[in-house]
Amino acid sequence: MENLLSTDLARQVQDDYLEYSLSVLVGRAIPSLTDGCKPIHRRILTAMKWLGLRPDGRYMKSARVEGEVMGKLSPHGSAYGSMVTLGAPWNNNLPLIDAQGNWGSSVDNAASSRYTEAKLSAFAWEALLDDSDIWKTMDNYDGSLQEPVELNVKIPLLLLNGHEGIGVGFATKIPSHNLADICDSVLNNTPLNPDFATGCDIVSDTGLAQYRLTGSGPIRCRAKVSTGLIEKTGRAKERNTLTFTNLPPQTNPEKIGQQIKDALDNGQLANITEVTDESDRTGDRITVVTKPGADIALIQQQLYQYTDLDTKYSAKMLVIDNLKPCELSTAEVISRWKTWRLAVLERKFITEKDSKEFR
């Protein structure tokens, strides 16, 4: 009985819950400011480098890669869903995985991992996985291997392809940005606007201004539109068409088609005779055919109003910096990343210098 310690149960539960919350945030849900990766993404890329899946080399069955990740680095669940995220061109400005096979679409899920193949993209190999000799490492889950704490990325990857994640009481939703714009911002401190992989238009409004200032805010995204004309044949009259491409992120033609149908049924839309999903491997595309003589400008405005052809992306730049979650603006992300990157380069140069002196 002499070894028993008394404790405040409420305080103990509070401390344990806080420790658990931070573990989930840092270890799973929220990306790192430094290399822009969640742990599972870092482990997938590391495992693929260990397997030698170079961009100029062979593809490997995704199930084999998945097994390597789970067996050596992440035993708590399948890595395939995260692999698909890294390779999906509709999700990434620059995919980190070069995928082969049925990798899905904005509507459909990817085929099973036993039916698809993957290797690293040229960008991932060059910009993320170089300098592995100076990676900071830690023990893997069973202490049998060393895995990187962070990859020595050459650009602020956090901003390139965007991220979403939710943990215990915290969530992040980081939009993607154009690589050229990111590099310009790193070199010249220029303001940075989002640039989604779908290529949708970004409406300049107070929400965008708020995002640029704070890293959080509603970013209004709008599909691109072009007009056309169906020539009359016989007694048929000419009809106008509206073709929408470059849809906002996290929307798809199937959902928007249903929204148009619902709006027609509810009387919010009228003078539409046909809606066609013309999506193919080149991208998502929806064509709307109007009745003869209909006001095409009004119909376009109503389609933006009542469907996700015009929608808001609720951005929130929550990241892990020095093992703590924090909300930052894009300017703050780039400033802190530059400080980290200079420290990495200093460590690299010292290592190279010591190696040459040793020889």
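1. Four aromatic pairs are present in this structure, which is a predicted model. One of the four pairs is formed by Phe 244 and Tyr 304, with an edge-to-face arrangement. Their ring centres are 5.8 Å apart and the planes make an angle of 80 degrees; the cut-off for edge-to-face is over 60 degrees.

2. Which elements does the pair of Phe 244 and Tyr 304 tie together? Phe 244 belongs to strand E11 and Tyr 304 to helix H10 (residues 296-306), so the contact links parts that lie 60 residues apart in sequence. Phe 244 and Tyr 304 are both buried.

3. Strand E11 (residues 239-245), which carries Phe 244, also pairs with strand E13. The sense is antiparallel, and the pairing extends over five bridges. Within it, Thr 241 is placed opposite Val 289 of E13.

4. Strand E13 has a further partner in strand E12 (residues 272-277): the two run antiparallel and are joined by five bridges. Here Glu 274 is the residue opposite Val 289 in E13.

5. Is strand E13 mostly covered or mostly open? Strand E13 spans residues 285-290, and five of its six residues are buried, so it counts as mostly covered.

6. Two lysines are placed over aromatic rings. The charged end of Lys 49 sits over the Trp 125 ring, 4.5 Å from the ring's centre. Lys 119 lies over the face of Tyr 59, with 4.5 Å to the ring centre.

Definitions and conventions
Residues are numbered from 1 along each chain as its sequence is written. This is a predicted model: local features need pLDDT of at least 70, side-chain atom pairs count only at pLDDT 80 or more; totals for chains, interfaces and linings use all residues. Side-chain values use heavy atoms; hydrogens and water are left out. Buried means under 20% relative accessible area, exposed over 50%, partly exposed in between (1.4 Å probe, protein chains only). Helices (H or I, at least four residues) and strands (E, at least two) are DSSP runs, numbered from the N terminus. Two strands pair if DSSP finds at least two bridges between them. Rings of Phe, Tyr and Trp (its six-membered ring) pair if their centres lie within 6.5 Å; planes under 30 degrees apart count as stacked, over 60 as edge-to-face and the rest as tilted. A charge sits over a ring if NZ of Lys or CZ of Arg is within 6 Å of the ring centre and within 35 degrees of the ring normal.
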